[in-house]
Amino acid sequence: WGTAVIVDGTGSFGTFSKMTIVNGFPAISYYDAGNTSLKYCRAMDVNGTSWATALTLDNAATVGQYSCLSIINGTPAVSYFDASASDLKFIRATDPDGLAWGAPVVVTSLGTVGQYTSLGTLANSAAGIAYFDIGKNWPMFVASQPLCSNSSSTLTTTACFTYTVPSGDETYTASGTYMDTIPNAPGATVSSPSILPSIPWM
């Protein structure tokens, strides 16, 4: 083993840490005990010799214990325990590196749930979380709806006199480049920024 590297040395934290590879570089989710919050930090090289500034993902009361960092459909995500509310929570990045994150989501709040979480991707691209239910004293499992990322495509078409975009939201009477947003998988959209209708008048 090589020499240990300080990932984040500005307080009292680092418990409940989980490491995985995020877009080629090591990354860690962990609990910040001093600020009772969930944090995330990603290395700046493949060997983890230097690290970027840590990000606070959730600081709503006492959150971030029992975190599990995993890649869900191309972006990092974390399952974790909200000790203040006794809830299981989930948060997912909006980019492959984990530079920006969405809002935290309460997955389940039935009893005291969310300790010892383990997060992974199912065959249908949904997120799956295993966790411990203190009240039942049982291991539990919960799955999300299938997740997907936004995608884009270019559509070139010819129409006579008028052209209606695939979503049906707009109709155009002149050639040009138009944008349309149409449903993709559940909870996601696909944007078509380059719709090029050729509309002859004669």
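What you're looking at is a predicted model, where local features need pLDDT of at least 70 and side-chain atom pairs count only at pLDDT 80 or more, while totals for chains, interfaces and linings use all residues. Residues are numbered from 1 along each chain as its sequence is written, and side-chain values use heavy atoms, with hydrogens and water left out.

**The sheet**

- Strands here are DSSP runs of E, at least two residues long and numbered from the N terminus, and two of them pair if DSSP finds at least two bridges between them.
- E9 pairs with E10 (residues 127-133) through six bridges, in the antiparallel sense.
- Glutamine 115 sits opposite phenylalanine 132 in E10.
- As background, strands of a sheet pair through backbone hydrogen bonds.

**Two positive phi angles**

- Most residues other than glycine have a negative phi, which is the reason to look at the next two.
- Asparagine 23 isn't a glycine, yet has a positive phi of about 50°. You'll find asparagine 23 in the loop between strand E1 (13-22) and strand E2 (25-32).
- Serine 86 also isn't a glycine, and its phi is positive, near 60°. Serine 86 belongs to the loop between strand E6 (75-82) and strand E7 (87-92).

**A buried serine**

- Is serine 70 buried or exposed? Serine 70 counts as buried because its relative accessibility is 13%; buried means under 20% relative accessible area, exposed over 50% and partly exposed in between, using a 1.4 Å probe and protein chains only.
- Serine 70 is part of strand E5 (residues 63-72).
- A polar atom of the serine 70 side chain lies 3.5 Å from the backbone oxygen of leucine 119.
- Leaving out residues up to four places away in sequence, serine 70 touches Thr20, Thr75, Pro76, Ala77, Leu119 and Gly120 (contact means heavy atoms within 4.5 Å).

**Salt bridges**

- There are six salt bridges in the structure, each one a side-chain nitrogen of Lys or Arg within 4 Å of a carboxyl oxygen of Asp or Glu.
- Aspartate 133 and lysine 136 meet through their side chains at 3.6 Å, N to O. Aspartate 133 is buried at 3% relative accessibility, whereas lysine 136 is partly exposed at 41%.
- Lysine 39 pairs with aspartate 32, with the closest N and O atoms 3.8 Å apart. Lysine 39 is buried at 9% relative accessible area, and aspartate 32 is buried at 1%.
- Aspartate 97 and arginine 42 form a salt bridge whose closest N and O atoms are 3.4 Å apart. This pair links distant parts of the chain, 55 residues apart: aspartate 97 is in the loop between E7 and strand E8 (105-108), and arginine 42 is in strand E3 (residues 37-42).
- In that pair, aspartate 97 is partly exposed at 21%, while arginine 42 is buried at 13%.

Definitions and conventions. Helix = DSSP H or I, 4+ residues; strand = E, 2+ residues; numbered from the N terminus. Polar contact = N/O pair within 3.5 Å; in protein donor to acceptor, adjacent residues only side chain to side chain.
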